[in-house]
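Reader: I am new to this structure and would like to be walked through it with care. Could we go through it one question at a time?

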Amino acid sequence: MTKQAAPTKSEAAPSKSSSRSLRGLELELTPGLARIAKEMAEALPEEGSSLDAITLLKQDHRKVEDLFEEYEGSENATEKGKIASKICLELRVHAKIEEELLYPPAHDEIDEDLVDEAIIEHAGAKDLIAQIEGMKPSERFYDAKVKVLSEYIKHHVKEEEKEMFPKLRSSDLDLKELGSQLLARKTELIQQLTSKT
Ligand SMILES: [Fe+2]
Ligand SMILES: [Fe+2]
């Protein structure tokens, strides 16, 4: 599996990266979830690909948008359930790596209010994700919850890409270094899920 090379030292490295939690996603691992995690592991960028933080996170955003579109186009409840589970796991991993590695330095370096708002938006999204994960696709409100989640995420992604990321680009943060850390942590979280099967 892909493993990121040790990040080089940089003065602009995120200050709180070393104190991040090493715990995983605290999910009850089902065979379905493990299958999705395996697919995610296969889709990880190749070893040595030095994506900067913003490029990496934007790739995640596009992936989830595609999945929401796929969900909208599906008529079959089983299929919808699989797609929604993928969306939920992608979002959980994405939110976790942002909260551990991106938001702390962004809070310190670029804009406290913007980052605080993003953290609260994540909390709202995670609440909805947990509700969706606990439901069957045939249940009433399942579609509505996935739809509201997609609107919620669309709003959040717009704020990150239009407000937070441009500020990050013009900050002193080392986005290459941060990209390496994000990818390494994403890989670690996904591998934790696949290795329990
Ligand atoms: Fe976010
Ligand atoms: Fe994001």
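Reader: Among the contacts in the protein with a separation of 6 or more, what percentage comes from residues 24 or more positions apart?

Author: The model is a predicted one, and its secondary structure comes to 6 helices and 0 strands, in the order α-α-α-α-α-α from the N terminus. Taking the contacts in the protein with a separation of 6 or more, the share that belongs to residues 24 or more positions apart is 83%.

Reader: How many residues of the contact of α3 with α6 are nonpolar?

Author: From α3 the contact draws on V93, K96, I97, E100, L101 and L102, and from α6 on L178, Q181, L182, R185, K186, L189 and I190. Among the residues of this contact, 4 are charged and 1 is polar, while the number of nonpolar ones is 8.

Reader: Is K145 buried, exposed or partly exposed?

Author: K145 lies in helix α5, residues 142-169, and, leaving aside residues up to four places away in sequence, it touches L128, Q131 and I132. A residue needs 20 or more neighbours within 10 Å to be buried and 12 or fewer to be exposed. Because K145 has 16 C-beta neighbours inside 10 Å, it counts as partly exposed.

Conventions:
Residues are numbered from 1 along each chain as its sequence is written. Chains are lettered from A and ligands numbered from 1 in the order in which they are written. This is a predicted model: local features need pLDDT of at least 70, side-chain atom pairs count only at pLDDT 80 or more; totals for chains, interfaces and linings use all residues. Two residues are in contact if their C-beta atoms, placed from the backbone, lie within 7 Å. Helices (H or I, at least four residues) and strands (E, at least two) are DSSP runs, numbered from the N terminus. Ala, Val, Leu, Ile, Met, Phe, Trp, Tyr, Cys and Pro count as nonpolar, Asp, Glu, Lys and Arg as charged, and the others, Gly among them, as polar.
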